[in-house]
Amino acid sequence: MAFQTYSLFVLSVIMISFGHVENRLNLLQLQNDIDKLKADFNSSHSDVADGGPIFTEKLSSWTERNEKRIILSQIISMYLKMLENTDKSKAHVRNITEELHTLKESLSDGSKKMEDLKDLTKLQMSDLKIQRKAVNELFSVLQKLGDTSSSHKRKRSQFQRLCKC
């Protein structure tokens with residue numbers, strides 16, 4: 001229950017950070033809906049603080065916009081799963097669910113990337129065939145890694161030339 005109750009306030013942070021909520025009226029309505037959802041889940045219960053935050057702390061380590069899309073797509077999916085078993089006759093539950101579905105659609109590339117990561121963890125690296133394939137791809141993987149790190153170095157050096165620090 002602590003997972004469900006403590007995580008509710010993160011929803012507004014996610015929507016704001018992705019600019020999904022276009023105007024103040026929508027944001028106020030969403031905050032009102034989340035407050036009602038908090039009441040539904042009795043989120044003022046003392047156990048909510050146990051163990052600290054479940055989402056916001058993880059969000060802080062994902063700094064790049066594309067990285068955040070990956071973790072946020074997963075968090076949105078978790079909220080949708082949590083709301084599957086709630087009373088859909090309540091308007092605030094329907095409104096929040098609709099917003100989450102809209103957000104999930106806008107983060108579909110993050111969902112795909114998350115699936116790629118899950119697929120990687122399922123690879124049986126003890127399998128000889130998988131090992132052979134991996135060895136054949138090793139140079140290409142290292143090349144791509146070199147491309148991305150040299151790209152970051154170029155950006156850094158360009159910034160240093162422009163910066164009058």
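Which residues does arginine 94 touch, not counting residues up to four places away in sequence? The legends below take this view and several others in turn. The model is predicted.

**View 1. Arginine 94 in helix α6.** Arginine 94 touches Lys88 and Ser89, leaving aside residues up to four places away in sequence. Arginine 94 sits in helix α6, which covers residues 91-106. Its relative accessible area is 36%. Buried means under 20% and exposed means over 50%, so a residue in between is partly exposed. Arginine 94 therefore counts as partly exposed. Look also for aspartate 33. Along the chain, aspartate 33 and arginine 94 are 61 residues apart.

**View 2. Isoleucine 34 in helix α3.** Isoleucine 34 belongs to helix α3. Is isoleucine 34 buried or exposed? Its relative accessibility is 2%, so isoleucine 34 counts as buried.

**View 3. Asparagine 42 in a loop.** Asparagine 42 lies in the loop between α3 and α4. Its phi is positive, at about 50°, although asparagine 42 is not a glycine. Most residues other than glycine have a negative phi. Asparagine 42 has a relative accessibility of 40%, so it counts as partly exposed.

**View 4. The aromatic pair.** How many aromatic pairs does the structure hold? It holds one. Phenylalanine 55 and tyrosine 79 form this pair. The ring centres are 5.3 Å apart, with 55° between the planes. That arrangement is tilted. The pair links distant parts of the chain, as its two residues are 24 residues apart. Phenylalanine 55 is in the loop between α3 (24-40) and α4 (56-60). Tyrosine 79 is in helix α5, residues 65-83. Phenylalanine 55 has 5% relative accessibility, so it counts as buried. Tyrosine 79 has a relative accessible area of 2%, so tyrosine 79 is buried too.

**View 5. The largest pocket.** Rolling a probe the size of a water molecule over the atoms shows where empty space is left. The largest pocket holds about 160 Å³ of space. Which residues line the largest pocket? They are Leu123, Ile130, Lys133, Ala134, Glu137, Leu138 and Val141. Five residues of this lining are nonpolar and two are charged. None is polar.

**View 6. The whole chain.** Step back from the close-ups. The protein chain has eight helices and zero strands. Along the sequence, the pattern reads α-α-α-α-α-α-α-α. Of the 165 residues in the chain, 25% count as buried. Phenylalanine 55, tyrosine 79 and isoleucine 34 are among the buried residues. The accessible surface of the chain comes to about 11,500 Å². Carbon and sulfur atoms account for 56% of that surface.

Terms used. Residues numbered from 1 in each chain as written. Predicted model: local features only at pLDDT ≥ 70, side-chain atom pairs only at ≥ 80, totals over all residues. Heavy atoms only, no water. Phe/Tyr/Trp six-rings, centres within 6.5 Å; stacked < 30°, edge-to-face > 60°. Helix = DSSP H or I, 4+ residues; strand = E, 2+ residues; numbered from the N terminus. Buried < 20%, exposed > 50% of the residue type's maximum accessible area, 1.4 Å probe, protein only. 1 Å grid on protein atoms, 1.4 Å probe; cavity = no way out; pocket = protein on both sides within 12 Å on 5 of 7 lines; lining within 4 Å. Points joined across faces, edges and corners; volume = space filled by probe spheres on them. Nonpolar A, V, L, I, M, F, W, Y, C, P; charged D, E, K, R; others polar. Areas by Shrake-Rupley, 256 points an atom, 1.4 Å probe, with all protein chains shown as cover. Contact = heavy atoms within 4.5 Å.
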